[in-house]
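Here is a friendly briefing to read alongside the model. Please keep the structure open as you go.

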Amino acid sequence: MICHVPVVNAQTTRPATNQNTSKRKITVEKPNLDQIKKVTLDPKSPYYFPKLKRKYESNDTTMTNDEYRHFYLGYMFQEDFDPYRISPYTSKTDNLRSKTKHTKEEIDTIRKYAQLALEDNPFDLRQMSFLVHVLKEKRKDMSAKIWEYRLEHLLGAIKSTGTGENVDNAWYVISPMHEYDMVQLLGYEATDAQFIEPGYDYLTVVPDETNKTRRDKTADGFYFNIIIPQEQYDLKHPE
């Protein structure tokens, strides 16, 4: 079951240094994964993954939606990519996830392990959302904005890949966990998951009555493309 720590609105949060960048409209287009693989592995390309990672980690607000899209999807072709790898730090704060308010000591504990988990896996959107939540609790507003800005743009990268309405327009995700983050963002709660050959997940959803801000229509479910994560996992874990 997905954690009910609020996932950030993927289009409304504004970064601390440049408010206009958050207003950039997300263009929906099916990704050319062969091209993304080529340019994110090419040291001469502006989309070379280590270059994008440096921009991301330096909180560069000039990083475009297209760069975020290449950064997110390009991770699937990096040597250390493992779609099912779980950081050992993520379970350290499981007992604190359901609480809406935390003590100072709890906040410090959550912050410590969330940041360690994100160092281990920079695309752990669940830990990122949890970190934003507790940073706001502690009134660490600048730090919260930085992580919130990263989270909203990574979710925007997913949203740019399709509509989720059918297999042909499925959203591309680099981890099955991100499927649940997306449906929560849209104001739903996943109730069931179905695998569709050769590599799609269909999540059945119901409206989350605690989160009505993003839901503009009633949907029965959403489709996600996980073909590449499956292929990469099988390559690296042939057993």
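## The sheet and its strands

Strand S3 (residues 200-207) and strand S4 (residues 221-225) run antiparallel and are joined by five bridges. Helices (H or I, at least four residues) and strands (E, at least two) are DSSP runs, numbered from the N terminus, and two strands pair if DSSP finds at least two bridges between them. This is a predicted model, in which local features need pLDDT of at least 70 and side-chain atom pairs count only at pLDDT 80 or more, while totals for chains, interfaces and linings use all residues. Residues are numbered from 1 along each chain as its sequence is written, and side-chain values use heavy atoms, with hydrogens and water left out.

- The whole sheet is open, with four strands in the order S1-S4-S3-S2 and mixed pairing.
- At its edges are strand S1 (171-172) and strand S2 (188-196), each of which pairs on one side only.
- Strands of a sheet pair through backbone hydrogen bonds, either parallel or antiparallel.

## Loops and backbone details

- Glu 197 and Pro 198 are joined by a cis peptide bond, with omega about 5 degrees, and Pro 198 lies in the loop between S2 and S3.
- Asn 59 has a phi near 60 degrees, a positive value in a residue other than glycine. This residue is found in the loop between H2 and H3.
- With a relative accessible area of 35%, Asn 59 is partly exposed; here buried means under 20% relative accessible area, exposed over 50%, and partly exposed in between (1.4 Å probe, protein chains only).
- Arg 139 is not a glycine either, yet has a positive phi of about 65 degrees. You will find Arg 139 in the loop between helix H5 (125-137) and helix H6 (141-159), where it counts as exposed at 59% relative accessibility.

- Phe 49, Leu 52 and Tyr 56 are buried in H2. Seen down the axis of H2, its buried residues fall within an arc of 65 degrees, so they line one face of the helix; the arc is that of the directions from the helix axis to the C-beta atoms.
- These buried residues of H2 pack against helix H1 (33-40), H3, H5 and H6, where contact means heavy atoms within 4.5 Å.
- There are 14 aromatic pairs. Rings of Phe, Tyr and Trp (its six-membered ring) pair if their centres lie within 6.5 Å, and planes under 30 degrees apart count as stacked, over 60 as edge-to-face and the rest as tilted.
- The rings of Phe 49 and Phe 71 are stacked, because their centres are 5.2 Å apart and their planes are at 20 degrees. Phe 49 lies in helix H2 (residues 49-57) and Phe 71 in helix H3 (residues 65-74), so this pair ties together parts that are 22 residues apart in sequence.
- Both Phe 49 and Phe 71 are buried. Phe 71 also pairs with Tyr 56, and this pair is tilted because the ring centres are 4.8 Å apart and the planes are at 35 degrees.
- A cluster linked by ring pairs takes in Phe 49, Tyr 56, Tyr 68, Phe 71, Tyr 72, Tyr 75, Phe 81 and Phe 123.
- The charged end of Arg 150 sits over the ring of Tyr 56, 4.8 Å from its centre, and over the ring of Trp 147, 4.5 Å from its centre. A charge sits over a ring if NZ of Lys or CZ of Arg is within 6 Å of the ring centre and within 35 degrees of the ring normal.

## Salt bridges

- The structure holds nine salt bridges, each a side-chain nitrogen of Lys or Arg within 4 Å of a carboxyl oxygen of Asp or Glu.
- Lys 104 and Asp 108 meet in one of them (3.2 Å, N to O). They are four residues apart in helix H4 (residues 104-120), so about one helical turn separates them.
- Lys 104 is exposed, with a relative accessible area of 53%, whereas Asp 108 is partly exposed at 29%.
- Asp 108 also forms a salt bridge with Lys 138, the closest N and O atoms being 2.6 Å apart. Lys 138 lies in the loop between H5 and H6 and Asp 108 in helix H4, so the pair ties together parts that are 30 residues apart in sequence.
- Glu 148 counts as buried at 8% relative accessibility, while Lys 136 is partly exposed at 39%.
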